[in-house]
Amino acid sequence: MKSKLRVWMKIFCISILCIVQGMGITLVQATTQCGYSEGIIEENNQEVVLNTEQVETFTDDFFKEYMETYHIPGGAVIIVQGDKVLFQKGYGYSDLEAKEQFTTEQTYFSIASITKVFTASAIMKLVQEGKVELEEDILTYLPTLKLDNPYKDHITVRQLLTHTGGIDSSYTEDLSYEQTNNEKPHNLLNLLNKRGIKVINRPGEFIEYSSYGTAVLGAIVEEVSGISCERYIRENLLEPLEMKHTAVLSADIKRTKGYLYGNNTLTEGQLKGYFRLYPEGGLVSSIEDVGHYLEMLLANGVYKENRILEASIIEEMLKEQASFHTYLAGMGYGFAEYENCGVRSMGHAGYAIDGTLSEIVLYPEQGIGTFIVVNQGSNNNIQEDFREAFIKQFLAEDNIGKRQVSEIAEEMIVAKEVEGVYRFSDYPRTNLYKANTFGMGEVKITAVNSTTILISGMDGFTFEPYEKKADLVEGLVYKVQDEESYMVFKQDDQGKVAYMAESSSSSHGIYERIKWYDESKWQMPFFIMSLIIYSLQLIISLVCFVRRKLKKENQIRKDSQRISWVINGIAFLNIGFFAYSMSFWGYRLHYTVPLDIYVNLTMPILSLVLTVILGLSVIYKMYHINRLGRREYYELAYEIGMLILSIVFILFLNYWNFLGYKL
């Protein structure tokens, strides 16, 4: 749900941002400096006791500032301590035009990827019942699953729960304009087999967020329980928790309107349809309902004297189960691990296409849980900033966090060896949605001296550029200056630094070092230059054609004319492909693959065919080079140049999965 803009609109966003990079505005951010809280908490048997009035003052001030700064129409928050709701409140409007108040009881919204923690809870319920084993191969439960796994290692249930299964994610047709029959036998399994599950990384090697991995967990729930995953979640979680207003997205649930902000304009977002693979992001809920779930988790699996999950199961879900490095936060079962100001928490964020942004967070050691939602999250990090501000205000301790425990001494690697550009791994690799990373998610590492590096990149939500420095601590571990956060590098099998993870995103994915030709600073100019050259080719050809007609000149030689038409065809197809895709694709591919998009995807294939024809024509002409005059030499040189450009452009299209119907 993290892809909020049209795939190719990002090209223009990045171009503009590169121009105005030095003109960044000051954003409302929670400070990274941590220290003791004063006058806000009381110590009672080592437990933090929150003051309700001070909590309300804090949240009122926070929402007031954020809603004004980021043009947020409405939102809400709930804070739970132990098994009791300490505070809940709505702010602003759920419908800006109708002036409907955003409430904690009657305002419903898509919780998007937070659905994944409910799917994880369902799996853990089956583990509790002895019907699922965490270390078991997933094919034990899904023997007919079409799994394309090039590795000898099998994928376990545990790995899917920690996003270490190596499964590629996809967004095409995840949503549908028509609601699927979730009660149909093997519904999720059939949908997954229609798509095909591809493994792109060795299972268990890295944490890499995968929505399809959670969809596979939902299929396991169905196959093991014998009922739909939706029904299992409803009967075993939602109903016992009295979550009466929580259900899989359907037409009869009136949700808050979502909004997007851009170009100084607030527009209504669109979420038209149903989740096909609903275990990954299909639930609609309310603040009050999610509060019930928080109460159960904080009461060790009990809600109103009704045991939902065993205490040991809750403990396992909220324990770190996988991590890139001991200095960094990792993953529990379904929950991501965070650490701010030395305070550990577990949570999960959710972003819906219509702009609704939310996050559930638990502080197990303090017995506190929070849930925040806003209906405009397209230009801010409110969920992260609320978590950090809340911790700083109420929970921050005068310590440096458990992550600063030294490991066995590693060989110190000088900063020069980690230099390079790294791309965040949370993107599909096997389909055309790989283009979401075009110019995005890159972090540049530059050595300042032998022990200090400069990190420069762009925030994935606000698109604001940033720079910060980090100092070598040990081995390949760097501490960010003026922050309690870390960057850790790892070597590949050849001993070359190839991977990086940072504190803020280590529970979501890693950064992979990319080749020079993968970098946006080369790809972007090539893309723009190619389209300019192809455009000039068409314009010049048209002008020459008109001039010949007006002057009634003889036509150029037939062989040159044929080659000219081939080059014009390549230019038209390549320009036409991107012009149409940027104008008409958008979020349509989330719901279906219309016929016009299939036709559009045929254009790169035809361009490839014409490029082959151009290559053969040039080879033929070169074979008869002794017959050419001076003018023909110039024409041949130009044709060779256009051939080279077209070959490289085809490789560019294939790199971004636009060559072929990679849906």
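Mentor: Happy to! Start at Phe-109, which faces Ser-285 of strand S14. Keep in mind that this is a predicted model. Strand S14 covers residues 283-285, and S6 pairs with S14 in the antiparallel sense over 2 bridges. Step back and you find an open sheet of 3 strands, ordered S6-S14-S10, with antiparallel pairing. S6 (109-110) and S10 (247-248) are the edge strands; each has a single partner strand, so one side of each has no neighbour in the sheet. As background, strands in a sheet pair through backbone hydrogen bonds, and they can do this in parallel or antiparallel fashion.

Next, the packing. The largest nonpolar core has 82 residues, and Val-157, Val-216, Ile-220, Tyr-293 and Phe-371 are those with the most contacts inside it. Helix H3 (residues 115-128) supplies the largest share of this core, with 8 residues. For a close view, pick Ile-220: leaving aside neighbours within four places in sequence, Ile-220 is in contact with Ile-123, Val-132, Ile-138, Tyr-141, Leu-142 and Val-157. Another core, of 40 residues, lies apart from that one and includes Ile-570, Met-603, Leu-614 and Leu-659.

Finally, go to the surface. Ile-528, Ile-532, Leu-536, Ile-539, Ile-540 and Val-543 form a nonpolar patch there, and together they have about 530 Å² of accessible area. Val-543 belongs to helix H12, which covers residues 520-551. With a relative accessibility of 44%, Val-543 counts as partly exposed, because that class lies between the 20% and 50% cut-offs.

Notes. Residues numbered from 1 in each chain as written. Predicted model: local features only at pLDDT ≥ 70, side-chain atom pairs only at ≥ 80, totals over all residues. Heavy atoms only, no water. Core = buried A, V, L, I, M, F, W, Y, C linked by side-chain atoms within 4.5 Å. Buried < 20%, exposed > 50% of the residue type's maximum accessible area, 1.4 Å probe, protein only. Helix = DSSP H or I, 4+ residues; strand = E, 2+ residues; numbered from the N terminus. Contact = heavy atoms within 4.5 Å. Pairing = 2+ DSSP bridges. Patch = residues over 30% accessible without salt bridge, like charges linked within 9 Å, V, L, I, M, F, W, Y side chains within 5 Å. Areas by Shrake-Rupley, 256 points an atom, 1.4 Å probe, with all protein chains shown as cover. Salt bridge = Lys/Arg side-chain N within 4 Å of Asp/Glu carboxyl O.
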